[in-house]
Amino acid sequence: MIASEAKLRIGFIPLADAAALIVAVDKGFTAAEGLDVELVSEVSWSNVRDKLNIGLFDAAHLLAPIAIASSLGLGHVKVPIVAPFGLGVNGNAITVSPALYAAIAAVAEGNIIDPLVSARALARVIAKRNARGEEPLTFGMTFPFSTHNYHLRFWMAAGGVDPDEDVRLVVLPPPYMVESLANGQVDGFCVGAPWNSVAVDLGIGFILHFVCEILPRAAEKVLAVRSRWADEHPQTLLRLVRAHGRAAAFVEDTTNREEVTAMLAAPNRIGVAAEVIRRTLDGRMKVAPDGTMRASDRYLLIGRTGAARPDPVQAAWLYGQMVRWGQATLSAELLSAAKLVFRPDLYDAAMADSKPDLEGEPADGIGAFAGPAFDASDIAAHVRSWKIRRA
Amino acid sequence: MQPSLKIVIVDENPIRAAILEDGLREAGHVHVVRLAETSHLLARIYALDPDVILIDLENPSRDVLEQMFQVSRAVRRPIAMFVDQSDKASIEAAVDAGVSAYIVGGLQKERIKNILDLCISRFNSFARLRDELERARTALEERKVIDRAKGILMTAKNLTEEAAYALLRRTAMNESKKIAEVAQSVVTAAELLK
């Protein structure tokens, strides 16, 4: 080991999009950069956020919206965070119970693979339930400031469902999602891998949508560090980003898939069957208990098509959702602070070849299935373009 | 006399929760409710309407509590301990001890600090207890392995018990290993040679 070795503690939640981080450490890319990293598995996003904020962690695998919320002081203490590396774009799916799936399919006007068709069908299912005086449907998501919360809301609101009035949205820790769907505590959920597949394999859920069908390009998790830590440890940060860049490329090289999935499946990492993780990385998912498969080459992007390079447009979109749903006020200062969380400049400084090939990617950076193109400089227009909103 | 606070403890570990509850009662808090089961957690907490919620950090349901700050229909809006940055040291000590507190707005800071300090010390003593138990268990297991290795050496080399132990100890010193490790090698080797 070289003399300038730095010791780092990095927190993560056992999910498939921690892949670049886990491979960076377990394949030795961080060691090659002179970093001695201890990976710490956590059970809640609150823990990851708090331990990062107070300095028990040097860096963390973090939900992109939490990095923004923390930087803006929303919901909690204000601790400026920067994200020099994107750990994943996309990767979530919406899974519903067999009963809800059948109800949606029964009233759908068209193919429910189309998210607009399924969302409008959901609105009809809800209208019928209301007419019969039944309890509102309940959907699980992972955190108030989570992509899952915004993805569910974006999808259902496009079909005319008000996520605050017409359904109940509840926070559920991902490991409890499947059990809650099985015992009827929720009728559906939006979560990352491997939990959708686990529900399908158990025969208690249907994957209704890959989130990439709703938003073809949606920043999911980031490698997060405190802004102050980044200022105080510029060299360590560059080395950490470089190690992640190598790891992401290693994960995306399909010839390494067996080695990567075995590494991720280890009990002290993600701790589920390698085959389930493989489905996620391959983007080939069993979507129904009868074995029906659906594939997407953009199910989860770990470094492909520039996914690892933090894009301030993504940060602006997430801030836009916070404004739309009443979590944040709208101001030019907050928008600019949100964009500054995502740091492509730090990524570029670390990576020799940092210009990603964006051929075929959405022109507005998001590519949402509904609504006008996203303009990162005009959040007010984005929010105004929706009938259902809290702002 | 200040009105008594209603405190909810969310902890799946019944022993630790009991230790904490005892401590709170000794400090004069009579309204303490323990929740071990985390399904429908939010609904149960709203029904109890507590002033303070204490949750262990090993509990994934901590994220569920974060939703309390989002639900506009809630009658009372609790605020998190972490919102108050004035007492950074006790927040860090709490996270380090493995506990987090959620507090309803408007409570006196001093009362909260007393509760949090009590939590921290009870959580830390529970962790020490668990460590001691773990050490005792390990020591017991090591003793068993050493006894087996002694028995194997006594039979194989026709040694007295003292001589067998001396041989283990000497080998351990020569190889800079623990006696239990050498004993384990003897036991493993004996299994292989069976």
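Me: Two residues are in contact if their C-beta atoms, placed from the backbone, lie within 7 Å. What share of the contacts in chain B with a separation of 6 or more comes from residues 24 or more positions apart?

Reply: This is a predicted model, in which local features need pLDDT of at least 70 and side-chain atom pairs count only at pLDDT 80 or more, while totals for chains, interfaces and linings use all residues. Residues are numbered from 1 along each chain as its sequence is written, with chains lettered from A and ligands numbered from 1 in the order in which they are written. For chain B, the share of contacts that falls to residues 24 or more positions apart is 63%.

Me: In what order do the elements of chain B follow one another from the N terminus?

Reply: Helices (H or I, at least four residues) and strands (E, at least two) are DSSP runs, numbered from the N terminus. Chain B holds seven helices and five strands. Its elements are arranged as β-α-β-α-β-α-β-α-β-α-α-α.

Me: How does the radius of gyration of chain A stand against that of a compact globule, and what is its value?

Reply: The radius is taken over C-alpha atoms, and the globule rule is 2.2 Å times the number of residues to the power 0.38. The C-alpha trace of chain A spans about 70 × 45 × 40 Å along its principal axes. For 391 residues the rule gives a radius near 21 Å, and chain A agrees with this at 20 Å.

Me: Which element gives the largest share of the side of chain A that touches chain B?

Reply: The contact draws 22 residues from chain A and 20 residues from chain B. On the side of chain A, the elements that give two or more residues are β7 (168–171), α8 (174–182) and α3 (45–53). The largest share, five residues, belongs to α3(A).

Me: How many charged residues does the side of chain A that touches chain B have?

Reply: Ala, Val, Leu, Ile, Met, Phe, Trp, Tyr, Cys and Pro count as nonpolar, Asp, Glu, Lys and Arg as charged, and the others, Gly among them, as polar. By these classes, this side has 13 nonpolar and seven polar residues, and the number of charged residues is two.

Me: How many residues of α7(A) are buried?

Reply: A residue is buried if 20 or more other C-beta atoms lie within 10 Å of its own, exposed if 12 or fewer, and partly exposed in between, with C-beta atoms placed from the backbone. Across chain A, 59% of the 391 residues count as buried. In α7(A) the buried residues include Arg153(A), Phe154(A) and Trp155(A). The helix is mostly covered, with the buried residues numbering 12 of 12.

Me: Where in chain A does Tyr319(A) have its place?

Reply: Tyr319(A) counts as buried because it has 28 C-beta neighbours inside 10 Å. Beyond its neighbours within four places in sequence, its contacts include Ile68(A), Leu334(A) and Ile379(A). Between Tyr319(A) and Pro65(A), 254 residues apart in sequence, the C-alpha to C-alpha distance is 7.8 Å. Tyr319(A) lies in residues 312–324, helix α14(A).

Me: In which sense do β3(A) and β10(A) pair?

Reply: The six-strand sheet of chain A is open, with the order β2-β1-β3-β10-β4-β13. Helix α4(A) (residues 64–72) packs on this sheet, at about 45° to the direction of β10(A). Ala59(A) stands opposite Val225(A) in β10(A). Over five bridges, β3(A) (residues 59–63) and β10(A) (residues 219–226) pair in a sense that is antiparallel.

Note on methods:
Two strands pair if DSSP finds at least two bridges between them. Axes are lines fitted to C-alpha atoms, for helices over the stretch in contact, and angles run from 0 to 180 degrees between N-to-C directions.
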